[in-house]
Amino acid sequence: MVAGQPELAFLNEMPGELRTAFLPGPVLLLGAPGVGKGTQAKAIMAAWGIPQISTGDILREIRNRDLQSSVIADRLLREGKLHENDLARMAAGKLVSDALVNDMVAARLEEPDTVRGYILDGFPRTLVQADWLDAQLASSGNGLPVVAVSLRVNERQLLLRITGRRSCPTCKRIYNVYLKPPVADTVCDFDQTVLEQRADDTEAVFAERMRAYAEQTAPVLEHYRTLGRFAEVDGDATVEAVTESILAAVEHLRD
Ligand code: AP5
Ligand code: MG
């Protein structure tokens, strides 16, 4: 298991062969709160053997002082990079500072497991972050260019996904009490840990997160659409069907 990526435990459990012959490079998963970025990042990780980098997950690890699971969270906390103001913004459904998440991603991209590619889940979310990432990748030499996949789901369904979401603090698997319930009501199917609900998964904070998405992240989609290597995928299908669509879209964009 790679340090800071306990989710890679999934790789040991996935049936069938990894599709490792394919070189994915950097893949951006874009989309509104609850659209399925985390769920799909874990499936792509299992299919291609590349890590998920979720800025939201790293922020929660820092907030919870859950530093065992993330060397990056540990480092940023020791360097005093996270301020109370960022935590308050997160709780309210607003974006944290560009400088903080850019630092986070820069630190994570130094890890050797990103060499064949990685999935950025929830980053970039502003044009400042997108410009930073473009410049960072351009300066890092001859890697593959970014491909961006945007997931779409209607807002009514998103609200159900957000308010029904529960996750396992141990293995990070994601459930939904309405749409994808665990076998036993409140515990993880795989390790029987009691499932948790995110503090920002309320209807009121969801509305603020949607506002931030429309105002600050929607322009990021247009940025990547203009650059090309951009695909939109319907996220309102089974998890497996959405995964297949994303894998096919990225393979096509890399042709
Ligand atoms: P973050 O953690 O990234 O939250 P988000 O973008 O709001 O997205 P979510 O994690 O809520 O949803 P998801 O798309 O991952 O959906 P999931 O797969 O879990 O960010 C949190 C906060 O951190 C931000 O508000 C901000 O404050 C800060 N932050 C993070 N990144 C930042 C950045 N770059 N810049 C500034 N600030 C930043 O699925 C949701 C539910 O749906 C689950 O219950 C799941 O089981 C279910 N589901 C998924 N797929 C399906 C399906 N196909 N069918 C049925 N149910 C499904
Ligand atoms: Mg997520």
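View 1. Strand S1 (residues 25–30) pairs with S4 in the parallel sense, and four bridges join the two. Here helices (H or I, at least four residues) and strands (E, at least two) are DSSP runs numbered from the N terminus, and two strands pair if DSSP finds at least two bridges between them. The model is predicted: local features need pLDDT of at least 70, side-chain atom pairs count only at pLDDT 80 or more, and totals for chains, interfaces and linings use all residues. Residues are numbered from 1 along each chain as its sequence is written, chains are lettered from A and ligands numbered from 1 in the order in which they are written, and side-chain values use heavy atoms, with hydrogens and water left out. Val27 has Val147 in S4 as its bridge partner. S4 also runs parallel to strand S7 (residues 230–234), with five bridges between them. Of the six residues of S4 (residues 147–152), five are buried, so the strand is largely enclosed by the rest of the structure. Buried means under 20% relative accessible area, exposed over 50%, and partly exposed in between (1.4 Å probe, protein chains only).

**View 2. Arg152 and its partners in S7.** Arg152 stands opposite Asp234 in S7. Arg152 also forms a salt bridge with Glu232, with 3.6 Å between the closest N and O atoms. Because Arg152 lies in strand S4 and Glu232 in strand S7, this pair ties together parts that are 80 residues apart in sequence. A salt bridge is a side-chain nitrogen of Lys or Arg within 4 Å of a carboxyl oxygen of Asp or Glu. Arg152 is partly exposed at 42% relative accessibility, and Glu232 is partly exposed at 35%. The whole structure holds eleven salt bridges.

**View 3. The salt bridge between Asp201 and Arg165.** The side chains of these two residues, Asp201 and Arg165, meet at 2.9 Å, N to O. Asp201 lies in the loop between S6 and helix H8 (203–227) and Arg165 in strand S5 (residues 165–167), so the contact ties together parts 36 residues apart in sequence. Asp201 is buried, with a relative accessible area of 3%; Arg165 is buried at 14%. A network of salt bridges links Arg165, Arg198, Asp200, Asp201 and Arg209.

View 4. Glu222 and Arg225 are joined by a salt bridge, their closest N and O atoms being 3.0 Å apart. Both residues, Glu222 and Arg225, lie in H8, three residues apart, about one turn of the helix. Glu222 is partly exposed at 38% relative accessibility, as is Arg225 at 37%.

**View 5. The surroundings of ligand 1.** Ligand 1 is surrounded by 35 residues, the closest being Thr39, Lys94, Arg125, Arg165 and Arg209; a residue is near a molecule if one of its heavy atoms lies within 4 Å of it. An oxygen atom of ligand 1 is 2.6 Å from an N or O atom in the side chain of Arg165. A nitrogen atom of ligand 1 lies 2.9 Å from a side-chain N or O atom of Gln129, and a nitrogen atom of the ligand is 3.1 Å from a polar backbone atom of Val96. Taken alone, ligand 1 exposes 1,000 Å², of which the protein buries 96%; accessible areas come from the Shrake-Rupley method with a 1.4 Å probe. Helix H2 gives the most to the shell, with four residues.

Note on methods: A polar contact is a pair of N or O atoms within 3.5 Å; within protein, one must be able to donate a hydrogen and the other to accept it, and residues adjacent in sequence count only if both atoms are side-chain atoms.
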